Amino acid sequence: MASEIQTKFLVVGAGPAGLALASFLGQNGLDGLVIAKAASTSDTPRAHSFNPFAFECLRDLGIEEKALQQSVRGHSLQSMRWLRSMVGDEYGKVLGWSEHPSCVEHAYGLTPCEYAEFSQSELEPLLVHYASQHNFEVRFSTELVAIERLAEVSGHTQYVCTVHDLISHSTFNIRTGYVFGADGARSHIARSLNFSFTSKPSGGKACNNLLWMLAVNAVLIKTQPSQAVACTTSGAIPIGTLLGDHEVGDPHEVSQLQAEPTSLGESSAGLEPL
Ligand SMILES: Cc1cc2nc3c(=O)[nH]c(=O)nc-3n(C[C@H](O)[C@H](O)[C@H](O)COP(=O)(O)OP(=O)(O)OC[C@H]3O[C@@H](n4cnc5c(N)ncnc54)[C@H](O)[C@@H]3O)c2cc1C
C-alpha cells in the first residue's frame with residue numbers, strides 16, 4: 001500500500017498562482033504543502049509586464065523592494081514596436097502600460113506602486129523563498145496523478161491525492177482537507193473534479209523571444225535618455241528594444257559605429273557610457 005502523508009492545505013502547482021496563494025496563506029499563519037510537476041520554477045520570462053496592483057501584493061508580503069531590484073523600471077517601458085529589423089523601418093507602435101494615458105489615468109492616485117518590467121522567472125523564485133520560509137514547503141518534480149474526494153467526516157470533506165515522485169519514481173498519497181488547483185491551463189484537478197468554465201481562452205499562442213548577447217568586451221552606450229546601443233569590439237547593436245524602449249539608435253549613427261568599433265570603457269562622439 002502506498003505511503004500517506006497529511007497536510008491541511010495542498011496547493012497543486014508552483015506557478016505564480018500557486019506560489020502567491022501559498023505565500024499569502026503562510027503569511028496568515030496557515031501551513032501546508034505545494035507540489036509541482038515541473039522540476040523548477042519557470043525557465044523563461046513568460047508573464048513580464050507587472051502592474052502596480054500586483055506590486056501591491058508583493059508589498060504586502062514585504063518583497064516589493066527585492067522585486068523592484070530585478071525589474072526594468074520607468075521610461076524604458078514606453079511602448080511596443082513592430083520593425084523589420086532592430087534598425088529598420090517602423091511599421092507600428094502601441095504605447096505600453098506605463099505610458100498609456102488610460103492606464104496612467106486609471107492607476108493615478110489609486111496605488112503607491114508602479115508599472116515595471118518584472119518577469120515571471122524572477123517572480124517565482126522570490127515566492128518560493130517566501131512561501132517555504134512561511135509554513136509552506138515547496139516540492140518540485142511531484143506530479144498529481146489522481147484525486148479522490150472522500151465522504152464527509154463531521155461536516156468536513158477530505159481528499160486523497162495520489163502523487164508520483166518524478167525523481168525516485170515512487171508513488172504516495174497526500175490526505176488533505178483543502179486542495180487548490182493552481183496547476184495551469186490544462187488543469188488535472190479541474191478535469192478530475194468536472195469543473196465547468198464560463199469562458200475560454202482566446203486560443204492565441206504565447207512565446208518568448210530570447211536574445212542572448214555576449215557581453216565580453218562590450219560597453220553600453222546611452223545616446224539619449226530613451227536610447228541605448230551596445231558596442232562590442234565587432235561593432236554596435238542597438239539594444240533599446242531589448243530593454244523595452246520604443247526607440248532604437250538612428251540607423252546612420254549605428255552604421256557609423258559599426259565602422260568604428262568602440263573599445264571597452266571608451267565613449268564615442270556624442271555618446272556617454274551608461
Ligand atoms: C512562452 C510563454 C510566454 C508567456 N508570456 C506571457 C506574457 O507575456 N504575459 C502574460 O501575462 N502571460 C504570459 N504567459 C502566460 C503565463 O505564463 C501564465 O498565464 C501563467 O504562468 C499562469 O500561471 P499559473 O500559476 O496559473 O500556472 P502555470 O504557471 O502554468 O503553473 C502551473 C504549475 O502547475 C504545475 N502542474 C501542472 N500539472 C500538474 C500536475 N498534474 N501535478 C502537479 N503539478 C502540476 C506545473 O508544474 C506548474 O508548476 C506566457 C506563457 C508562456 C508559456
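The structure is a predicted model. Helix α1 spans residues 16-27 and gives the most to the shell around the ligand, with three residues. A separate topic is the open sheet that three strands form in the order β3-β7-β4.

**Ligand shell**
- There are 25 residues around the ligand, and those that come nearest are Gly13, Gly15, Ala17, Ala38 and Gly184.
- By class, 12 residues of the shell are nonpolar, nine are polar and four are charged.
- At least two residues of the shell come from each of α1 and β9 (142-149).

**Helix α1**
- The 12 residues of α1 reach 16 Å from the first C-alpha to the last, close to the 16 Å expected at 1.5 Å a residue.
- Buried in α1 are Gly18, Leu19, Ala20, Leu21, Ala22, Ser23, Leu25 and Gly26.
- These buried residues pack against the strands β1 (4-12), β2 (32-35), β8 (136-139) and β11 (171-181), and against the helices α2 (52-61) and α5 (120-132).

**Sheet β3-β7-β4**
- The pairing in this sheet is antiparallel.
- β3 (49-50) and β4 (72-73) are at the edges with a single partner strand each, so one side of each has no neighbour in the sheet.
- β3 is joined to β7 (residues 116-117) by two bridges.
- Ser49 has Glu117 in β7 as its bridge partner.
- In general, strands of a sheet pair through backbone hydrogen bonds, either parallel or antiparallel.

Conventions. Residues are numbered from 1 along each chain as its sequence is written. This is a predicted model: local features need pLDDT of at least 70, side-chain atom pairs count only at pLDDT 80 or more; totals for chains, interfaces and linings use all residues. Two strands pair if DSSP finds at least two bridges between them. Helices (H or I, at least four residues) and strands (E, at least two) are DSSP runs, numbered from the N terminus. A residue is near a molecule or strand if its C-beta atom, placed from the backbone, lies within 6 Å of it. Ala, Val, Leu, Ile, Met, Phe, Trp, Tyr, Cys and Pro count as nonpolar, Asp, Glu, Lys and Arg as charged, and the others, Gly among them, as polar. The expected span of a helix is 1.5 Å times one less than its number of residues. A residue is buried if 20 or more other C-beta atoms lie within 10 Å of its own, exposed if 12 or fewer, and partly exposed in between; C-beta atoms are placed from the backbone. Two residues are in contact if their C-beta atoms, placed from the backbone, lie within 7 Å.
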